[in-house]
Amino acid sequence: MNSVDLSRMERARLRWRKTVNVIMLSLTGIAALGVVSVLFLILGYLILNGGHSLNLNFFTKLPTPVGESGGGMANAIVGSLKLLFLAAIIGLPIGLMTGVYLAEFGGKTFSFVVRYTNDLLNGVPSIVIGIFAYSLVVLPVKHFSALAGGVALAMMVVPVTVRSTEEFLRAVPNSMREAAMALGASRWRTIATVVLPAASGGILTGMLLALARVAGETAPLLFTALGNQFWSANLNQPIAALPLQIYTYAISPYDDWHRMAWAGSLVLILLIVISVSLVRYVTTRGVLKGAS
């Protein structure tokens, strides 16, 4: 085989590689465009159906009876924030500490059991978690409450937080741990002052994604928080939440309530998008400043 044949074969291989590269790049671009298009399609549909119902009353007024105008979902918005706060203070510390244990201290057998159990918990349907929280919190005190709803949502926050914390901690180079311990830092001090700060951006993003995941859950709250048409200042009382209010309005036969349900869905999606975007922006700036 002479040099001419070899050069011809090399050009053919190069053309084939370029063709495959173009095809795969196009396929991945189409897939990415499809994902983004679905999100914008949902947002556009919500804006079309619920955007005209958004006004100042929606964010400041309580729900009104059928036929009366001027009502809003102020109590549901505040109630959702309260429930997410309860889920955060209960579930995030448990998930964080479990993730630290699995990444930094875990052995083989017990860590496998914890990790496997966490994955199973992540796959449990939300309605089952709601029934369990109902048996655990509601039945003993014989009434629904915001605390019961927070416990139910916290159970769903834990597995996502555990998995994200473990993965981001494992991504921290071992050389950083070795350098800190070589300077005399203890194991826990190394984790608290070196490893966790290095992975803080990813861990914080994972925590917020866990909260965003449960922000729209309705089934657990039906068995725990129940809902409330008025303000609820006591965590030991039933409380309104955006998903519950949306569900109640959506299954009603009234057009006014249907429009309010669309508006509530739009607000819920926008709150999740804005919160995730803010955290991504803050963590990205922190990473860039740390790199510089």
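This is a short talk on how one predicted protein model is put together.

Okay, hi everyone. Quick housekeeping: residues are numbered from 1 along each chain as its sequence is written. The model is predicted, so local features need pLDDT of at least 70, side-chain atom pairs count only at pLDDT 80 or more, and totals for chains, interfaces and linings use all residues, while side-chain values use heavy atoms, leaving out hydrogens and water.

So, what's in there? The protein has twelve helices and zero strands; helices are DSSP runs of H or I with at least four residues, strands are runs of E with at least two, and both are numbered from the N terminus. Its radius of gyration is 25 Å, well over the 19 Å that the globule rule gives for 292 residues, so the protein is more spread out than a compact globule. That radius is taken over C-alpha atoms, and the rule is 2.2 Å times the number of residues to the power 0.38. The C-alpha trace spans about 90 × 55 × 35 Å along its principal axes.

Now, the inside. Of the 292 residues, 36% count as buried, meaning under 20% relative accessible area with a 1.4 Å probe, protein chains only. A nonpolar core is a set of buried Ala, Val, Leu, Ile, Met, Phe, Trp, Tyr and Cys residues joined through side-chain atoms within 4.5 Å. The largest one here has 33 residues, and Leu83, Leu92 and Leu153 are among those with the most contacts inside it; contact means heavy atoms within 4.5 Å. Helix α6 gives the most to this core, nine residues. A second, separate core has 14 residues, including Ala76 and Leu242.

Note on methods: Buried < 20%, exposed > 50% of the residue type's maximum accessible area, 1.4 Å probe, protein only.
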